[in-house]
Amino acid sequence: MSTTLFVKTTLGARYDLGDDHPFTPLRRELAAELIEAYGLLDRDDVEVLDPEPATDEEITRVHAPAYVAAVKRFGEQPALASSLEAAQWGLAAGGDTPAFAGMHEAAAAACGAALAGARAVWEGRADRALVCGAGLHHAFANKAAGFCIYNDPAVAIQGLLDAGAERVAYIDIDVHHGDGTQWIFYEEPRVLTASVHESGRYLFPGTGGLAERGVGAAEGTAVNIPLPPYSGDGPYRRAVEEVIVPAVRSFRPDVIVTQDGADPHHSDPLAHLTVTMPTYPHVYRVLHELADEVAAGRWVALGGGGYTFDVVPRAWALLFAEMVGAELDPQLPESWLESARERTGQRLTPRLLDDVEPVVPEGDRARADAEGNAVVDQAAALLR
Ligand SMILES: [Zn+2]
């Protein structure tokens, strides 16, 4: 029997950038509750883990010790976030990643969870693991960015290398470029980073162009597919199937780590791709088959972005269902809907895959898909 882990991040502090911040922990809490409401955590082939936060030693395998010390200091005294020094570390008040009380403990919890999932998969205690509270891919080795303090995907990947993995493939399907993870391993030939995202010309963090391919011995181990705004399901699926899949296949990784940000959806307030709900299970299936084909099934899936309560829980429930091989009732559990509506104060779509037609300025849809397909073709040509 194959085993899938569901890894929680409840130990350590709450990752809370403030009540009005889009990266509220409520997103992943609702996702975990939906997964639970569907009964997926009660299965015999599912184990739930709630690991300890990562240690300083584990975090500084990736992050500069001086940066970790600063995160601890500003987390103890968030009022210092108005200082110039806070800005130097990416933690300025009013910035996108303002210092908050307990931020070291919260970010270390995400790292600990990602590491625990990765180690369980590497040591054969589980085949796959999902960590909804991880996937903070914008953090740099010495700077916070884009809501991310520590780069838990990088900490998990480094942990896999330290444990003896020879090659790790990182696949980032979040709408934003997986910049932090890419730069941390830009000179590391043992790590392939592949990211499909909205083009940096239009969206944070501004990087992830076709020309970013890794350097030195690692040339060719960074793969980017920057799609123009309004690109829809077609180019997004092709980017995964016709660029990322062959790149990972020829890299022959021992294990696959995915960052599964749910923000490519057309309703996401922070970006402009026009992906629709049915693309999520389609892409999760492709990732699952890829892990089975090239990495003996070893798959560590991390959450990431996604800023609507209507999409994130449904997307990650579909992801976990794919991982355990479960068929979900298309109608969401009534108990979950009721409680989620109450907690969010929002109307929520009652069915898993229901969606509406994306709203796109006249004429832009066809142009965006044509340009998106051309980018996919260029990225595929670079692999050869
Ligand atoms: Zn994102």
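**View 1. Helix α3 spans residues 65–76 and reaches 17 Å from its first C-alpha to its last.** That span is close to the 16 Å expected for its 12 residues at 1.5 Å a residue, where the expected value is 1.5 Å times one less than the number of residues. Helices here are DSSP runs of H or I with at least four residues, strands are runs of E with at least two, and both are numbered from the N terminus. Y67, V68, A70, V71, F74 and G75 of α3 are buried. They sit on the same side of α3 because they cover an arc of only 160° around the axis; the arc is that of the directions from the helix axis to the C-beta atoms. Buried means under 20% relative accessible area, exposed over 50%, and partly exposed in between, with a 1.4 Å probe and protein chains only. The buried residues pack against α2 (56–59), α4 (84–88) and α5 (103–122), while the face turned away from the buried side carries the exposed residues P65 and E76.

A word on the model before we move on: it is predicted, so local features need pLDDT of at least 70 and side-chain atom pairs count only at pLDDT 80 or more, whereas totals for chains, interfaces and linings use all residues. Residues are numbered from 1 along each chain as its sequence is written, and side-chain values use heavy atoms, with hydrogens and water left out.

**View 2. The zinc ion has D174 (OD), H176 (ND1) and D263 (OD) as its protein donors.** These donors lie 1.9 to 2.1 Å from the zinc ion. Along the chain they follow the spacing D-x1-H-x86-D. Donors are N, O and S atoms within 2.8 Å of the metal (3.2 Å for Na, K and Ca), and water is not among the atoms, so sites may look incomplete. Both D174 and H176 are buried.

**View 3. T258 belongs to strand β7 (residues 255–259).** T258 is buried, with a relative accessible area of 1%. Its side chain makes a polar contact with the side chain of W299 at 2.9 Å. Such a contact is a pair of N or O atoms within 3.5 Å; within protein, one must be able to donate a hydrogen and the other to accept it, and residues adjacent in sequence count only if both atoms are side-chain atoms. Leaving aside residues up to four places away in sequence, T258 touches I171, L287, W299, V300, A301 and L302, with contact meaning heavy atoms within 4.5 Å.

**View 4. Y230 is found in the loop between β6 (222–227) and α8 (233–251).** At 24% relative accessibility, Y230 counts as partly exposed. Its C-alpha is separated by 8.6 Å from that of V275, 45 residues apart along the chain. Not counting residues up to four places away in sequence, the contacts of Y230 include H272, L273 and T274, as well as V360, P361 and D364.

View 5. The peptide bond from F204 to P205 is cis, with omega near 0°, and P205 lies in the loop between β5 (191–198) and β6. F147, which is not a glycine, has a positive phi of about 75°. F147 sits in the loop between β3 (128–131) and α6 (152–162) and is buried, with a relative accessible area of 11%. R252 also has a positive phi, near 50°, in the loop between α8 and β7. At 54% relative accessibility, R252 counts as exposed.
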